[in-house]
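Biologist: I'd like to go through this model with you, one question at a time. Could you bring it up on the screen?

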Amino acid sequence: MAYESYVLVCGGTACCSGGGTTVVEAFKKELEAAGLKDKVQVVVTGCLGFCEQGPIVKILPQGTFYVQVKAEDVKEIVAEHLVKGRVVQRLCYDPEQAKKLVAEANIPFYQKQYRIVLRNCGIIDPEKIEDYIARDGYKAIEKVLFEMTPEQVVEEILKSGLRGRGGAGFPTGMKWKFAQQQPKGQKYMVCNADEGDPGAYMDRSTLEGDPHSILEAMTIAGYAIGASKGFIYIRAEYPLAIERLQIAIKQAHELGLLGDDILGSGFSFDIELRFGAGAFVCGEETALLQSIEGNRGMPKPRPPFPAVKGLWGRPTVINNVETLANIPVIINKGADWFNKIGTATTKGTKVFALTGKVNNSGLIEVPMGTTLREIIFDIGGGIRGGHQFKAAQTGGPSGGIIPPQFLDTPIDYESLAKIGSIMGSGGLIVMDETDCVVDIAKFYLDFTVDESCGKCAPCRIGGRKLLNYLNKITDGRGTEDDIKQLEAISDAMCKASLCGLGQTASNPVKSTLKYFMDEYMEHIKDKKCRAGKCSKLIQYKIDPAKCKGCTMCARKCPAAAISGTVKQPHAIDQTKCIKCGQCEQTCKFGAISHG
Amino acid sequence: MAKLTLEDLRRLRGEKQKAMEMRDASNKDVQVIVGMGTCGIAAGAKDTFTALVNAISDKGLTNVLIRQTGCMGLCHSEPTVEVVVPGMPTVIYGNVDAATAKDVVEKHIVGHQLIDDKILDRPSIDIVKEA
Amino acid sequence: MSKKLETMTPELRAFIEEWKAKPGNLIMVLHRVQQTYGYIPREIAIETSKILDVPLAKIYGVITFYNFFRLQKAGKYNVQVCLGTACYLRGGDDIIKEFERQLGVGLNATTDDGMFSVEAVRCLGCCGLAPVAVINGEVHGKLSSKDVTGIIKQYRDRG
Ligand SMILES: Cc1cc2nc3c(=O)[nH]c(=O)nc-3n(C[C@H](O)[C@H](O)[C@H](O)COP(=O)(O)O)c2cc1C
Ligand code: SF4
Ligand code: SF4
Ligand code: SF4
Ligand code: FES
Ligand code: FES
Ligand code: FES
């Protein structure tokens, strides 16, 4: 018995609450009535990534995608589509809407994602070079080595508008051009796979899923700038990515796609791996070069820029993994294909590691210009557990916190900078009302203080001071003057720090001060944390109306802070309470709460 | 393997592409593709893989190819498994534990039925195939 | 506690000799040392310094700069709790406190019987499973404080 068609009804959280369940029932009933029960299978699915338009119904094998389907619509779908084979236009998604942000690159589908960087991830076997080759792999290298001069390659990348995805957004073509224009001699091509932002794993997934794309891109870059040697600087914490890269390098060597005289073109290029060792600052390019040279990873003042004087004093281009993954596609499809995707200033797509309080956390790739709302509420399926969206964070420890009023900002480098955050490398963390912004600022500061290399005073001392003030505030000892201090130190760090780490370390503080001053004030004046995160500000209280006087809590309390007689309401002595929360967990009558 | 020349590489690509298309269209091979990125493995993809292998040999199926791939991006529903059966739409299942792996073989591959509550959508079109 | 001195394995010596001529070899060599012994023993650092002809002070300068290198042996089971952003937001710090409490050790310390050590790490790359802990390469995801007792028992029982 084989089915002819399948009706997929989204059973994700958003669609279900929008009436998806009744749609399923309706389909079963109507199909039975139409005598199609054995020809059409009704299947409930997980979230289909388009929650705002739910409930979603997809008919296979045709792939017709119906949106906002109600139980009343089902009869028509069955009668028209499944019996007569005619699509019900009225319920189809209007693709015009999807096009508006992606300019001319017709994204012909309802989907919000568009995968250039991740084109092969989840499709090929990363340990088989043949799989990569079959999907146009190493085709760009053919074109580059046999049909283009190095100058033409640089020109093409310039024209594509590609900007660095490692954080700063510097035009990749310009960087290559500087290095190309340096006098001939030993030059180096370095791939930055240090991915230090805690809570982000875009580059790791790309390397694990499609290692050959990075090798091909580095070879192209090597040809363009005149380098014969490349290094991939990768975190030692990524053993699987390292293993797959080692396999890929070996395979490419065997086929003559790396090494001497590649494909008989006369061009030679080789790639070696170098491991990082858990220092965030080594993601910064000058520190990274120090680390490859086997030294402590301390940043150096720029200029001279690495493109002029880099590894062992030679011209060196450093590019991020995601930047590089775009290169073969740009060569194959052309700069004009690429620069139609995205916004006026920022071309192409961006990969984000979407995590935190969203339903569908995962690795996503969207055209530049997509809004946070589309990312969080469509692709991400909205906030977990019915909570409220409070803020999003991009750019990790160097980035800022974005409040709800900017959910509809189309994302690119400039728009994010304007609202006080940065694009960063692609961490996108969603917070709900149970997260405390002061606590988050503290979390990031804690990280940067820990990771500061200590070379320059503004970062070394300023960071520590910022952290002390934040601790004071979350401990309930803050004063209004502390806010002024936070602002002054933040400014000084931005201006006077030597490298990007110190220059951006205060961004989490500055952006939370800007958008959530009221919460800082609550911590300071009312000694209150509305999210209930700052444990020193929490008060546990017993509701006398609910307390049955069972004495359980008093016996559990490690600080002997609870008093009362049997069968009488108990009470907590706030001066003794150490906020361990055990009483709340113990009470069977829900009499104890905190706030 | 010997080093390739330009012509060799082009020929290899052509052959491989054809082989892949055959798999797509020729009603011959069943493919089961398991997501084996760090997070897939962390979520138990290796157990899933073993369960699939066992179920396939229990059923005595000889036309099924099991492959691995990297991250599909659906980390919230790892482990993920894509199932390609001729004459049926290709689907991706999420949260495939050992029990579901058995279902994939018995219900989907043998019984030609899709499994409830587990299907996810491939998140984007394929730019390599798009002309 | 008297410590057994480590001796350099032939494989390690061969690796160092192979890398000796390459510029920027020190960090790669130290990774190999740590891979061999689980930490960087002083006596091996001294020998490495001789073979590579780099001052011991430089070697220690590098070891102490990078978080990844350790100067003490970890417990038989090294509990690495993720405190990356995603895990932190979903309560990673509660998990780490619970491990510390139940094992009676602080961060980066080893239990007296040498069985467990507790470490905070950053983003293990499976944020979808947050909060996450990794014990000798095995990942435990979607943790709550309540799971800690069971996990510790599971490894204790293995001996
Ligand atoms: C503190 C700090 C950390 C950084 N970490 C990374 C990183 O983990 N990965 C990365 O690609 N770039 C990182 N960068 C940016 C690099 O310095 C550099 O700009 C980038 O690798 C250049 O590549 P792109 O032009 O392709 O973006 C970091 C910068 C700073 C200041
Ligand atoms: S800003 Fe911080 S990390 Fe950068 S050089 Fe100065 S001390 Fe080091
Ligand atoms: S456990 Fe609850 S009901 Fe019992 S004494 Fe305490 S507060 Fe009252
Ligand atoms: S929170 Fe802990 S210390 Fe405070 S009253 Fe409850 S049990 Fe006692
Ligand atoms: S819940 Fe149905 S599309 Fe997301
Ligand atoms: S790493 Fe598993 S789907 Fe992303
Ligand atoms: S933040 Fe913990 S795994 Fe990513």
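What follows is a short chat about a predicted model, covering a chain interface and a ligand site.

Biologist: How many residues of chain B are in contact with chain A?

Modeller: Count a residue once its heavy atoms come within 4.5 Å of the other chain. On the chain A side that gives 66 residues. On the chain B side, the number is 51.

Biologist: What area is buried between chain B and chain A?

Modeller: Carbon and sulfur atoms give 54% of it. In chain B, the residues that lose the most area to chain A are B:Arg13, B:Asp121 and B:Ile127, together 13% of what that side buries. The whole buried area comes to about 5,000 Å².

Biologist: Which element of chain B gives the largest share of the side that touches chain A?

Modeller: Elements giving two or more residues to that side include helix 2 (38-42), strand 2 (64-69) and strand 5 (119-120) of chain B. The largest share is 8 residues, and it comes from helix 1 of chain B.

Biologist: Which residue of chain A forms a salt bridge with B:Arg10?

Modeller: There are 4 salt bridges between chain B and chain A, along with 28 residue pairs in polar contact. For B:Arg10, the closest N and O atoms of the bridge are 2.9 Å apart, and the partner is A:Glu142.

Biologist: Over at ligand 4, how many residues of the shell are nonpolar?

Modeller: The residues around ligand 4 include A:Cys557, A:Cys577, A:Cys580 and A:Cys583, as well as A:Lys579 and A:Gly581. By class, the shell has 1 charged residue, 1 polar residue and, for nonpolar, 10.

Note on methods
Residues are numbered from 1 along each chain as its sequence is written. Chains are lettered from A and ligands numbered from 1 in the order in which they are written. This is a predicted model: local features need pLDDT of at least 70, side-chain atom pairs count only at pLDDT 80 or more; totals for chains, interfaces and linings use all residues. Side-chain values use heavy atoms; hydrogens and water are left out. Buried area is the accessible area (1.4 Å probe) that two parts lose on being put together, summed over both. A salt bridge is a side-chain nitrogen of Lys or Arg within 4 Å of a carboxyl oxygen of Asp or Glu. A polar contact is a pair of N or O atoms within 3.5 Å; within protein, one must be able to donate a hydrogen and the other to accept it, and residues adjacent in sequence count only if both atoms are side-chain atoms. Helices (H or I, at least four residues) and strands (E, at least two) are DSSP runs, numbered from the N terminus. A residue is near a molecule or strand if one of its heavy atoms lies within 4 Å of it. Ala, Val, Leu, Ile, Met, Phe, Trp, Tyr, Cys and Pro count as nonpolar, Asp, Glu, Lys and Arg as charged, and the others, Gly among them, as polar.
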